[in-house]
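Dear colleague,

I am handing over the structure below, and after it you will find notes on what came out of it. Please read them with the model open beside you.

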Amino acid sequence: MKSFKRIFLVVMDSVGIGEAPDAEEFNDSGADTLGHIAEHMEGGLKMPHMGELGLSNIRPIKGIEKSEHPKAHYTTMVEASNGKDTMTGHWEIMGLYIDKPFRTFPDGFPDELLAEIKEKTGRGILGNKPASGTEIIEELGEQHMETGDLIIYTSADSVLQIAAHEDIIPPEELLEICEICRELTLDEKYMVGRVIARPFEGKPGAFERTTNRHDYALKPFGRTVMNEMAEADLDVLAIGKISDIYDGEGVTDAVRTKDNMDGMDQLAASLEKDFTGISFLNLVDFDAKFGHRRDPKGYGEALQDYDQRLPEVLENLSEDDLLLITADHGNDPTHHGTDHTRELVPLLAYHKGIKEGKELKQRQTFADIGATIADNFSIKMPAHGTSFLKDIE
């Protein structure tokens with residue numbers, strides 16, 4: 001069996017490929033992120049490089065030709081955990097199973113929690129509703145600057161976000177406030193996945209969020225494949241929000257990114273490094289900038305921009321490298337509401353030793369990726385997941 005020295009794992013955040021078998025239970029019947037985006041693009045999606053790997057061999061996608069000789073092995077994965085959020089999807093990828101979903105707050109946070117935040121921070125609260133981060137600072141930013149009150153909001157994810165102008169509440173103080181909120185929301189009655197600091201700057205009518213964002217996530221409920229890798233002195237390079245998602249557990253080196261293109265730059269930089277282990281990238285823009293904002297055209301253009309960066313990745317892979325491309329859930333920008341969607345996710349496995357890619361059997365849990373990584377590096381296998389390493393030799 002072939003053993004790879006380096007595995008590059010790319011999570012295209014929210015890029016689902018059609019409704020999951022249990023989509024109806026999540027009110028997501030008919031969801032199809034890739035399919036519906038392609039229908040909104042003139043001539044369909046132009047992603048020739050993903051097409052060559054075999055994306056349309058998984059299922060037809062308008063604008064992307066089915067490859068007669070796919071370069072990668074391909075299939076779909078079914079999420080086994082009870083949820084459709086970022087943390088659940090990523091934790092499952094690394095071998096965990098989440099049976100109790102994180103709480104979301106479509107009507108805002110409970111008065112009891114807000115009272116505790118006010119008491120411990122000494123500041124008032126504005127907002128307390130699901131909102132776009134850019135829209136809510138436009139709406140409440142001036143009032144915040146006048147009062148010093150915190151702008152608290154949520155989204156379709158299990159998140160408590162706090163926006164503050166850097167001239168009113170310095171980033172250091174905002175982080176302290178977020179740490180307080182993180183402690184308060186660890187209680188099982190709240191079960192908030194992440195607390196996020198969202199500092200901004202500028203003047204009314206021209207506010208802009210800064211790069212001083214910081215996420216405070218729950219620690220994974222059990223050991224992941226990343227923990228096992230780090231303990232075995234293997235490298236775990238976390239790119240983008242990966243380190244935040246796992247609260248640093250099992251991460252040996254982390255780099256933040258500004259956007260998808262910066263993420264691809266950092267992925268390219270990791271290709272130049274001599275390491276043994278994984279380089280793990282999350283491309284967040286698909287989800288945050290386009291899926292939740294229900295912008296199919298913007299989402300499609302972002303997918304096409306990503307596709308144009310793939311050749312430099314493929315060309316710079318070594319003979320003993322493996323590239324895995326997948327997603328963590330769906331976020332159909334044509335679907336009702338602004339929530340994630342319960343979907344199948346694509347899985348493409350590429351290395352230079354593949355003569356012609358073939359269809360793999362459908363994976364019944366995202367944890368098969370973690371199991372494959374563990375199998376490759378001969379470390380403790382996760383409790384969930386089945387390795388497909390032997391199928392991609």
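An α-helix has 3.6 residues a turn, so residues three or four places apart point the same way.

Please bear in mind that this is a predicted model, in which local features need pLDDT of at least 70 and side-chain atom pairs count only at pLDDT 80 or more, while totals for chains, interfaces and linings use all residues. Residues are numbered from 1 along each chain as its sequence is written, and side-chain values use heavy atoms, with hydrogens and water left out.

Helix α4 (residues 86-93) is largely enclosed by the rest of the structure, because eight of its eight residues are buried, that is, under 20% relative accessible area with a 1.4 Å probe. Among them are H90, W91 and E92. At the start of α4, a side-chain oxygen of D85 comes to within 3.1 Å of the backbone nitrogen of M87, and the helix is followed by G95, whose phi is positive, near 105°.

H329, in the loop between β12 (321-326) and β13 (345-350), is buried as well, with a relative accessible area of 0%. Its side chain makes polar contacts (pairs of N or O atoms within 3.5 Å, one able to donate a hydrogen and the other to accept it) with the side chain of D13 at 3.5 Å and with that of D328 at 3.2 Å.

With kind regards

Technical notes:
Buried means under 20% relative accessible area, exposed over 50%, partly exposed in between (1.4 Å probe, protein chains only). Helices (H or I, at least four residues) and strands (E, at least two) are DSSP runs, numbered from the N terminus.
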